[in-house]
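Q: Could you take a close look at one part of this model for me? I would like to know how it sits among its surroundings.

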Amino acid sequence: MSAKSGKLYHGTAWYPELWDEAVILHDIARMKEAGINVVRIGEFAWSTMEPSEGEINVSLFADIITRLHDEGIDTVMCTPTATPPIWLTHRHPERLHVDERGVLMGHGSRQHICTNNAAFRERAARITEAIASKLGRLPGLIGWQLDNEFKAHVAACHCENCLLLWQGWLEQCYGTIEALNEAWGAAIWSQQYERFDQVPHPGPTPFLHNSSMQTAHRLFSMAGIAQFADEQAAIIRRFSDAPITHNSSIAFHVDNERLFEHLDFASFDTYASAENYAAYLINCDLFRNYKPGRGYWLMETSPSYSGSLQSAAVPHPQGYVAAESVAAYALGAEAFCYWHWRQHRSGCEQPHGSVLSAWGQPTVGWMNVLEVEQARRALEPLLLASQPAKAEVALVYSDRAKTFMATEPLKGMNYRGLMTSYYARLLAMGIHRDVAPEGIDLQGRKMLLTPFLPYVSEAFIRKAITFVEQGGTWIIGPFTGGRTEEHTIPTDAALGKLEALGGVEACFSYPLDGSGAIGEAFGIQAPLGMWSTVFELRGASSVGTIIDGLTPGYSFLTEHRIGDGLLVMLGAMPTGEEGDAMLRAMFDHYASRAGATLRVDATSGTLVAPRVEADGRQLWAIVNMDGRGGTVTVPDGTVDAFTGELIAAGSLAVERYAYRVVRLPLVD
Amino acid sequence: MSAKSGKLYHGTAWYPELWDEAVILHDIARMKEAGINVVRIGEFAWSTMEPSEGEINVSLFADIITRLHDEGIDTVMCTPTATPPIWLTHRHPERLHVDERGVLMGHGSRQHICTNNAAFRERAARITEAIASKLGRLPGLIGWQLDNEFKAHVAACHCENCLLLWQGWLEQCYGTIEALNEAWGAAIWSQQYERFDQVPHPGPTPFLHNSSMQTAHRLFSMAGIAQFADEQAAIIRRFSDAPITHNSSIAFHVDNERLFEHLDFASFDTYASAENYAAYLINCDLFRNYKPGRGYWLMETSPSYSGSLQSAAVPHPQGYVAAESVAAYALGAEAFCYWHWRQHRSGCEQPHGSVLSAWGQPTVGWMNVLEVEQARRALEPLLLASQPAKAEVALVYSDRAKTFMATEPLKGMNYRGLMTSYYARLLAMGIHRDVAPEGIDLQGRKMLLTPFLPYVSEAFIRKAITFVEQGGTWIIGPFTGGRTEEHTIPTDAALGKLEALGGVEACFSYPLDGSGAIGEAFGIQAPLGMWSTVFELRGASSVGTIIDGLTPGYSFLTEHRIGDGLLVMLGAMPTGEEGDAMLRAMFDHYASRAGATLRVDATSGTLVAPRVEADGRQLWAIVNMDGRGGTVTVPDGTVDAFTGELIAAGSLAVERYAYRVVRLPLVD
Amino acid sequence: MSAKSGKLYHGTAWYPELWDEAVILHDIARMKEAGINVVRIGEFAWSTMEPSEGEINVSLFADIITRLHDEGIDTVMCTPTATPPIWLTHRHPERLHVDERGVLMGHGSRQHICTNNAAFRERAARITEAIASKLGRLPGLIGWQLDNEFKAHVAACHCENCLLLWQGWLEQCYGTIEALNEAWGAAIWSQQYERFDQVPHPGPTPFLHNSSMQTAHRLFSMAGIAQFADEQAAIIRRFSDAPITHNSSIAFHVDNERLFEHLDFASFDTYASAENYAAYLINCDLFRNYKPGRGYWLMETSPSYSGSLQSAAVPHPQGYVAAESVAAYALGAEAFCYWHWRQHRSGCEQPHGSVLSAWGQPTVGWMNVLEVEQARRALEPLLLASQPAKAEVALVYSDRAKTFMATEPLKGMNYRGLMTSYYARLLAMGIHRDVAPEGIDLQGRKMLLTPFLPYVSEAFIRKAITFVEQGGTWIIGPFTGGRTEEHTIPTDAALGKLEALGGVEACFSYPLDGSGAIGEAFGIQAPLGMWSTVFELRGASSVGTIIDGLTPGYSFLTEHRIGDGLLVMLGAMPTGEEGDAMLRAMFDHYASRAGATLRVDATSGTLVAPRVEADGRQLWAIVNMDGRGGTVTVPDGTVDAFTGELIAAGSLAVERYAYRVVRLPLVD
């Protein structure tokens, strides 16, 4: 879109169907004042569009799109399927979502319907067709959003209809019930089935369900919602050329890699607090990579604070939202959008931050919005003329790994939290990184990181080994490779094929927490934790050795040459402050060794987003994210990209939440 | 009753239907020894009175009332409707209470029936009629209690029958479904309804229900139970002139103002711990005001400790129960009653404190009871000849506000806790206060306080503004006025009409917690918290200004002259020790300015209850509540009301849990 | 068995039905290497044995038993009834276990069927008969285990069928509904029933159920599972002479005394952490006493750590498992068995520790297993030629008391935790003790301890008083005797008959926590807590007096001479460090006074298990359990039982987790 539109978008969600004409006029005027150039509408408006079954009228939205267009504001139109009207579920309990305890969800909030229900699918198709056919060619319409935040509030549905679908899905996956029994090891605890129609949902049981079944059920649910998205997108494409997305998140019960496969661009929602800015930035570095080469959208973030009847977040400090926007744009966003424009007067999110209040006045977020707009205008020419630099260091983020960990959290392990904390170290070290799904393109990469990936597929191994053979460094672990595709334990070796490839034998695989394990590597001694594997060498060299605990003398960190590259196995999780230092030393060592040059010397709270201009010169967008200000070391010959003025080589200061864009001298 | 009876009551709950004749004789003898002059019976005894459906016999209770009367003990008779017999619910699941998760409550405890169920209502009417007709004219019967602790264990019922009633109630409230949709802003999230019969209970949903609906459902439930009380009271009145009450509490899911509207006197139960004596006293200052001019009853409190199969409280320190009784009587109680006389041998409350043990011996509470009786006898002549002084300072306590906050607790806000903590400051400052419902009479008041009142009704505003015009000071906030009657956000101004009245514009309304907001007022700087509104002046003067955070320079505390009075707007909650000091400075400043003279100089744990004698002279009942002893400054000419001896002006000492009654010189 | 087999068993659970022939061969070879001489199989294998209803084939297990026997390994065969196959419950919701919230448990884990269901009982009987008839006479089969961990994951079933059984059980217990109503005091809260068919399960209610009903329902459930065990055992006995057990635990919802009544030997599972070794040892001292004179089995413990998809324990420190085994054998175990041999590749317990990994390699537990085997071989001759010394000090452990406390936990009291902590003091003091059920044989005892026993039966009192009359010391309390058999409060005296017997009157019975109560005894002052009774003397002497709080001057610890013995009443729980010192002083005082000589002077983490050889000489098996090493004072003439060498009298050192066996000189 940016190619077409030639602009960076600054947008907001808006619900004109909830307000009268005076408010609509007021809002549009204020949007222009604030520099809003794209608006997202239609989300949740099903009952406005189709107040009684079959009586569809979307002219309000056609009118709004046209009026916005006349004012120079583009529109992203949404399908309203997250909020089925009352006539869809009243007296139809069989259409409702059923949770894992068997409780039926009712009307009155959202996501209460079973998205696999045929009656729902039929009505969803009809409303989407109506919207697409009426609005699909309007000049102001520049994109589509399907539904809203799939599976944000619910996970797998346990209704009777889903039971049949689940059984059918299993039959398709396994062919025969014998194959399923074997794959799941279902002879254990006499779980085995005689026929597919006997397989239940993983509902209430006295103790835990089979891991294979739990993981399969989660994958089944994620496949279903992606298939719904595909179905909806296909309808829209019959009537519109505008690209289609969905506002997803790493927090939801979806497989984003699969979800975005047949969509046109990626977008996400985030409401991380200012102090947790790494949790904000990981989204930018990740969603950029769901549709490589295509800008992503930050579809929702708060202009100041999030909230609901049962929560109220801390408002962002002044300046932080602008810093967020600079980071988002610099890391590849086409759009930075708020949720939402005007405070809801009703519902359950009245306390949520907005740009205007319910009575039409600027909120505490208003000043943030003006700052964002100022930054956007300044950045636009530079960013449209450059691209985010492809990172030499790639960190794999897998919703399938998240699924495995949801099934098997051991002591409360949380994939997203572990990954964000791992990611935050790279960020703090100034290592430019792509966070990418398993389908990542490894061309041009130098270091590949796959922590917390219980199952590593054959295809991934092949791709990664080729990468290593060609000179790459692959750091496997911790907690990677110990499970099969079926969520069972490998029976050939603790880590299956990875051991032979890594030149090691995983001798013991056990929980290190509290066991007194101490590891030594890079001259640092640190406690080791997490479920771990410890190695004997079968060709590899040991880089880290256990010096205390139950298995002293074994290696927990090895490296093995393959072709021109290096396969590094990290079997355990270094913990505490020393563990943090050890991990940083490891990243430092292997990034240097792998020749990863996209790395800056910056204070830890200051982000540098490297970009490449058409002539190959690097731009650095620099922004302080931690509110403490910071410095970045710039090379000789660096100029301010706005003014063209030369900047003294060495330490460049950036104020609290401030940004700079600098152009580096060409090197070759 | 006190007028008729000419006495202060010292009473207890008693369950003679559970014991044999020997125990009954023993108990009555011991009651006389302890000075018990009123007994409450019949509560929970439905299955004794009507062991099989239709076979009613209440002669046991007639006999008990007569025997007690012969011994000089009066009786409050209860209806037993909180514990329906097994024949009422066995094989009648449709009569059972259903909770918000859809779970049916079963027989075996209490409050398990749907109190809106027609079959229940019919049987309840029959047993109540039988009791009233047989016992209503017995000489010893001096009062009635309906049921027991309405909605103590349950909130709104979600049964199918209540669904119909709820839909009917909504139709009555809103007339048309369009009006409901508009009032609730139900276009949001496609919540809108086509017909009333589609509106569900606010049952399980993936995320939160609409606030308007939640609040309405709570109000519906509270209306239903009040209507049941009215219906029951009407039956009794056909057969008895004795006044009717209900033992309520600020902890239950009821609207006490509405509940007591058609009852004859107010009573409450409380089991606050000694260290939380403010939570005890707020009841006395509140329940006095549900039926102004009529003494209230403390219907249940423990002689030493509360308990159940799943709890055991700390026994009260020696002396504390007597202090409680002095405080209760002095603040307007006609009766101070225990739960309960003889420890239960069965059920689920065996561990609950009582006066006698299950084996008939005095408990650790016995000595407390003797101390209470000693105090009661001493106080009786003085208190019967005087009345509690009407307070110049009134604090509004609203169960509707509590309902709004139950719907919208944000970060776990709790109305009762907030109010008790607010109240405790007035108490500690020696400011005599009435805590009163929204229907409060403002005649003669000087300062009106309405914190934590999200919705302020038109009628209340009118009344309060008249009060201000006539010289009163009204302090609004914090957290007051930001919601409409429908629990939506005002669309004209953050605080609706209050802004114009207060001479302010509420510029921003947002959560201050964690935002670094600091306010300055009365020479004190304090952190500000809670969801707040900050002001620009439109005629008012600023008394408190924000000096740090996101909105420096705005006012959080303003005052505005209206007529002879003052309207004060407190937009934010001062927090921490400094915030406490700031609030006290505010109370001090405005109480003085308003000319509130009913205020004493006492150490913070010592209560002074001012009363007025027939000749206009003030009595001060002084009692130490914190167990540390204390002092009160008395004016020149004060005499001991018991002995008539002159007391030296200045600091009068009161020992740990001790009390004094002094008579002040006449002033005019 | 040990008599027959002439060996100490070292065993493991094994699931050959889940693996192929190569693994089976590998496993057996490794077992021999590790010294495994008994294997437990068949547990959970129902669907392997009977994949479709009625198609039973147990030849796999016959083959395994024979092959193991050929290799010198004995087998304990299990019935597989904890894991009913899918055909037993598919489309049969009426057969499923229903929890106390009314939720049906489904297929996919274990214990999901109602064990009282007739269809289940019939199929369970058939599979058990098939197993017993085919395998019952195989030479390698040396024992049977019924089912697995009865009621580990579930408590009482609330299904419709159980409702009928419950009503029938009540009718059998009480005869008439009037008797039940009287026993339960059901007139309270109008709970009383007209007919047995009206009595519900104690399902969801707004507040708590009647205590009598709750306790009865728990006892009913425990009776049902014991009756199922009896039924199953009877089937096996028709085909096999091998003794029968069940792997129980003090953590489950069973009455172990009743459960083992008709079984042949006792066994238990435990997974206590190393630091909580007292929780391990209490099992050894308890399960020895369910079938006196017969060795018990430790049927399951981890070779290193326990785990599941949702947990991972800390691995045991090196040496601890061997210490566990020495303690178990020395305290009377015939067998020390692991759960389990080979890590599961599927299911939900893959993370659980095992001896071999899923890929067939030794785990971190392997070295532990070798150490155990070394100890076992060393100990075998000495232990087979001796018996555990009968303890002079007996502590009663009652699952019925646990049931009462489950009904009435007050402030979260936990029977098992309280008992373990009480037990740990005796352990730390070196007092040899039997922990035994209420049916304990008191012959030869010197001190009897019955803490936390709310109901003391007539029969027990008779037995214990006889014991006292003959010279014994019985220490009653704390929290003992305050409830009747029906879980009601006695109406004659706080502690019923115990008061007269103890020469006291329990004047007050109330919760001391937080009340400021201080007691003084044995020259120590300590805070007193818990629900307590305080005494006046009616013939007894006071040993401990309350010196502060609500009831100063009363006694909380008394002693009373009866015949040649002493009845000691401890009414309150001494708390904190001083309380601990006071309790130890009490144990010390009365153990000395009672002439309990089986007591050693050892550092607190070092266990001495006294045993008696055929000639009457004492062996002391000494083992360090706390990992800190320790010392034991040995008398003059003590020799090392392995070498026969004389050991210097005085302090004998034992290294971290090390053991010694010494033989004491004969005394008479």
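Predicted model: local features only at pLDDT ≥ 70, side-chain atom pairs only at ≥ 80, totals over all residues.

Let's start with Glu371(C). Glu371(C) has 19 other C-beta atoms within 10 Å, so it is partly exposed. Its place is in helix H13 of chain C, which covers residues 366-384. Leaving aside neighbours within four places in sequence, Glu371(C) is in contact with Gly319(C), Val321(C) and Ala322(C). Ala323(C) is 48 residues away from Glu371(C) in sequence, and the two are 9.1 Å apart in space, C-alpha to C-alpha.

Strand S26(C), residues 618-624, is mostly covered, with 6 of its 7 residues buried. S26(C) pairs with strand S25(C), residues 606-613, through 7 bridges, and these two strands run antiparallel. Their hairpin has 4 residues between the strands, and there Gly616(C) takes a positive phi near 90°.

S26(C) also pairs with strand S30(C), residues 659-663, in the antiparallel sense over 5 bridges. Ile622(C) can be followed through both pairings: Ile622(C) is the bridge partner of Val608(C), and in S30(C) the bridge partner of Ile622(C) is Arg660(C). As a general point for viewing such a sheet, side chains in a regular strand alternate between the two faces of the sheet.

Note on methods. Residues numbered from 1 in each chain as written. Chains lettered and ligands numbered in written order. Buried ≥ 20, exposed ≤ 12 C-beta atoms within 10 Å, placed from the backbone. Pairing = 2+ DSSP bridges. Contact = placed C-beta atoms within 7 Å.
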